[in-house]
Amino acid sequence: MTVVLREQVAEAARRLAHEGLLVGTAGNVSAVRGDLVGITASGVVLAGCRPDDVTVVTPAGAVVEGELAPSSELSLHLGVYADTDATAVVHTHAPYSTALACVLEDLPVIHYQQLLLGGAIRVAPYATFGTPELAAFVREALEGRQAALMASHGSVTIGSSLHAAVENALLLEWLAALYQRASVIGTPRVLTQAEQDDVIHQALSRSYGTPQSHQETQ
Ligand SMILES: [Zn+2]
């Protein structure tokens, strides 16, 4: 069981590195399978992440498989699993997400696709990496959201699957790049609450974001 878990976490880390969201050893990925958590090990070059670079721990953080020490943000990942029904967590220092997290207090909804992440994205206050304080700030910022930014640090996304958490990280980085580019041109327009409500209503009625038979949409 853990063979598959370790391979899937390693594959997700390699993909996020390939997409430019994980650079060098910065960032970490974890996923739940059964009652175990697989998390990338500390100091691993994520573009070349192998199953041996993924450490398996219990929900309390005890290592049950793997030679390497787990990521320094292990307590953040375990805390998120304790708070939510997420089964995967991605933490990055992705370029645009991190740039916004160095400036903004939150990322407002300027594009309707952001509603897939739950709305405006909060920026968790700064605290030293790997500390319980940082984990607590991020857990609070994630309430009702699939993503959070971390002041002067990076981003966190969660998902109901590893695939979803990875897609959410890619979406957040796209939205952060969009905000940066739009801000160069002028002041981005923020969607009103009524506009956001309409998007959610429309998305629910059309199963937005999932492939459908053309017969269902007629
Ligand atoms: Zn970090």
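Thr 131 sits in the loop between β7 and α4 (132–141), and with a relative accessible area of 18% it is buried. Here buried means under 20% relative accessible area, exposed means over 50%, and partly exposed is in between (1.4 Å probe, protein chains only).

A word on the model itself: it is predicted, so local features need pLDDT of at least 70 and side-chain atom pairs count only at pLDDT 80 or more, while totals for chains, interfaces and linings use all residues. Residues are numbered from 1 along each chain as its sequence is written, and side-chain values use heavy atoms, with hydrogens and water left out.

Now step back to the sheet. Nine strands form an open, mixed sheet in the order β4-β3-β2-β1-β5-β9-β8-β7-β6. Its edge strands are β4 (63–65) and β6 (106–107), each pairing on one side only. Strands (E, at least two residues) and helices (H or I, at least four residues) are DSSP runs numbered from the N terminus, and two strands pair if DSSP finds at least two bridges between them. Between the antiparallel strands β8 and β9 there are four bridges.

Helix α5 (residues 162–185) lies across β1, β5, β6, β7 (121–124), β8 and β9, running at about 140 degrees to β9. Contact means heavy atoms within 4.5 Å; axes are lines fitted to C-alpha atoms, for helices over the stretch in contact, and angles run from 0 to 180 degrees between N-to-C directions.

Next comes the metal. The zinc ion is coordinated at 2.1 Å by the NE2 atoms of His 91, His 93 and His 153. Donors are N, O and S atoms within 2.8 Å of the metal (3.2 Å for Na, K and Ca), and since water is not among the atoms, sites may look incomplete. Along the sequence, the donor residues follow the spacing H-x1-H-x59-H. His 93, in the loop between β5 (88–92) and α3 (95–101), and His 153, in the loop between β8 (147–150) and β9 (154–159), are 60 residues apart, and the pair links distant parts of the chain. His 93 counts as partly exposed, at 32% relative accessibility, whereas His 153 is buried at 10%.
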